[in-house]
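I opened this entry to look up how some side chains are placed. My notes follow the display.

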Amino acid sequence: MRLSARNTYSHQPGLKDFNYVFFDTFLRYRHKKLKTDFELNLTNLANVKKFETYYISANMQTHNQYELRGRMAVLKAVFNFK
């Protein structure tokens with residue numbers, strides 16, 4: 001089992017603050033008799049669907065906006081033929 005969390009915070013004077021938290025998890029179960037690994041990967045558990053960033057340099061300001069996929073789950077079965 002593996003859990004991960006990432007926090008992104010952006011503060012610029014005079015602009016909107018951004019604060020995003022991303023949670024992901026990964027689970028693996030090994031079935032020895034079947035020689036199979038079952039893996040479950042869950043991403044974006046906080047269901048963040050829009051991600052925005054600012055970049056400010058000496059002579060340029062940019063604002064980027066990204067549409068993200070919502071919650072997603074992937075279930076895999078990995079067979080071992082040994």
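**Aromatic rings and a surface patch**

The model is predicted, so local features need pLDDT of at least 70 and side-chain atom pairs 80 or more, while totals for chains, interfaces and linings use all residues. Residues are numbered from 1 along each chain as its sequence is written, and side-chain values use heavy atoms, without hydrogens and water.

Next I checked Phe-22, which counts as buried at 12% relative accessibility. How far apart are the ring centres of Phe-22 and Phe-51? I noted 6.0 Å, with the planes at 55°, so this pair is tilted (rings of Phe, Tyr and Trp, the last by its six-membered ring, pair if their centres lie within 6.5 Å; planes under 30 degrees apart are stacked, over 60 edge-to-face, the rest tilted). The pair links distant parts of the chain, as Phe-22 is in strand β2 and Phe-51 in strand β4 (residues 50-56), 29 residues apart. Strands are DSSP runs of E with at least two residues, numbered from the N terminus. Phe-51 is also buried, at 17%.

I counted 6 aromatic pairs by this rule. In one of them, Tyr-20 and Phe-22, the centres are 6.4 Å apart and the planes at 25°, so the pair is stacked. I then noted one aromatic cluster, formed by Phe-18, Tyr-20, Phe-22, Phe-51, Tyr-54 and Tyr-66.

Last, I looked up Leu-27, which lies in strand β2 (residues 18-31). Leu-27 is partly exposed, with a relative accessible area of 32%.

Note on methods: Helices (H or I, at least four residues) and strands (E, at least two) are DSSP runs, numbered from the N terminus. Buried means under 20% relative accessible area, exposed over 50%, partly exposed in between (1.4 Å probe, protein chains only).
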